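Colleague: I am new to this structure. Could you show it to me and take some questions?

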Amino acid sequence: MEKVYEKKALTGAEAVAYAMKQINPDVVAAYPITPQTPIVEYFAKFVADGEVDTEMIPVESEHSAMSAVVGAAAAGARAMTATSANGLALMHEIVYIAASTRLPIVMPVVNRALSAPINIHCDHSDAMAERDSGWIQFYVENNQEAYDLTILAVKLAEHEDVRLPVMVNLDGFIISHGVEPVELYPDDLVKGFVGEPKPLYPLLDTEHPVTYGPLDLYDYYFEHKRQQIEAMDNVKKIFPKVAEEFERTFGKKYDFVEQYKLDDADYVMVALGSTNSTIKYVVDWLREEGFKVGLLKVWMFRPFPKEQIQSILVGRKGVIVLDRSASFGAEPPLYEAIKSALYEAAVRPALGSYIYGLGGRDIKAEEIRKAFEDAINGNLIVDEQRFLGLRE
Amino acid sequence: MALKGWKDIPIGGVIDEPGKAREYKTGTWRVLRPVLHEDKCIHCMFCWLYCPDLAIVQEQGKMKGFDFDYCKGCGLCANVCPAKAIEMKPETEFLK
């Protein structure tokens, strides 16, 4: 169902800030860091202009930002923040606590390379360092998806069977600072979709006093971790329902993954984030020459949609996995997950791992084509680490 | 107190009502057990005042003994007793 909305030329950061304005969270606590800064700038302007009811807390660090939103969410508020790279790393302690305390915080993360050496440009090392923190992780391809999934994330996070925080990952500069047309939905439609928050155990409900963060030793900690594992499994059941409601409301379809020209594809590339746009261009280019190639874009990396990915990749001739981060001493994160998903496949495709784009290194269509050609020419060697755009 | 399974407890480690510490029997931690020598006790109630677990039993201002559901054997009572009327003995002496 196609719906027509007002289109505006926005940067990804502005689109995310606009989504936050329409969500109108009770509390935003944030600390500016490149390239997340414009999200905080735009949102602070909405606060200053009285366009939102949000209590904005300018804190002294990211550790404090996440701590403040944890406190706000425990009090029963709808709370948001945003960060990048070393800011996310500084938050790490409380990132883990937010998920373990089951607080449905939504945080756009503008992906940037972790230091050292210091670098402000895009890769996924920041978010990948948090992949086991218990947060749901989306990775978006463009500004529209950054806007859409920030709105969708609120509903998913707050669902009674989920109650988990969500990271919406958007590539630093490429998405955050790049201008694209974005379809913006009317305020009342967004307000209706996200609804009123229904906090569980709000601290401000003084008629029902509760304790957050008590000591939890060998007698119950294990059970609480088992509940988190269950909640992540529930995301696989709840997300399709939330996505369906999103489609009914706004007319845009989301899933765990996007399948691009996959129906008859023998060779499939798998990737996260903005590079998917370049891969689509290369798929079209190779298709014009008669090669049966396609793209599997992963929208949701945590929980990892293993079953769906497995069913899509089984029977293909070759699978090329692109990672924008390294796992030093082990396989890169996306490749490892894809390889693991194929373990039970009756017929495993040839598999290749390519690391690209670290520290914002540009990825060119020709390089992606070269990786596809490796697959087409029967030149994928499982576990041989290859690099795109690296000087030898 | 029987321990509950993961489906029967609030999520996120939240304690969902006040006063629940009463259900947590810290007496199971005890390695040393306080023993009261009534002949020495002067009922000054220092032990009652200092006990971190409200485990000193008193009636009308008189020291009557210990609540072993909660006494975790820290020995603070014996330490503050000016009459040396409380002696800490290893739990192993009370086996059987």
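**The sheet and its helices**

Modeller: Start with β14 (residues 350-356) of chain A: four bridges join this strand to β15(A), and the two run parallel. Strands here are DSSP runs (E, at least two residues) and helices too (H or I, at least four), numbered from the N terminus. The model is predicted: local features need pLDDT of at least 70, side-chain atom pairs 80 or more, while totals for chains, interfaces and linings use all residues. Residues count from 1 along each chain as written, and chains are lettered from A, ligands numbered from 1, in written order.

Colleague: Which residue in β15(A) is the bridge partner of A:Ile355?

Modeller: Look along β15(A), which runs parallel to β14 of chain A. The partner there is A:Phe387.

Colleague: Which are the edge strands of the sheet?

Modeller: Strands pair if DSSP finds at least two bridges between them. The open, mixed sheet has six strands, in the order β9-β11-β10-β13-β14-β15 (chain A). Those pairing on one side only are β9 (257-260) and β15 (385-388) of chain A.

Colleague: Which residues of helix α11 of chain A are buried?

Modeller: Buried takes 20 or more other C-beta atoms within 10 Å of a residue's own, with C-beta atoms placed from the backbone. The cover over α11(A) includes α5 (125-128), β10 and β11 of chain A. In residues 333-341, the buried ones are A:Pro333, A:Leu334, A:Tyr335, A:Ala337, A:Ile338 and A:Ala341.

Colleague: How many residues of chain A are in contact with chain B?

Modeller: Contact means C-beta atoms, placed from the backbone, within 7 Å. Chain B brings twelve residues; chain A brings 18.

Methods. Two residues are in contact if their C-beta atoms, placed from the backbone, lie within 7 Å. A residue is buried if 20 or more other C-beta atoms lie within 10 Å of its own, exposed if 12 or fewer, and partly exposed in between; C-beta atoms are placed from the backbone.
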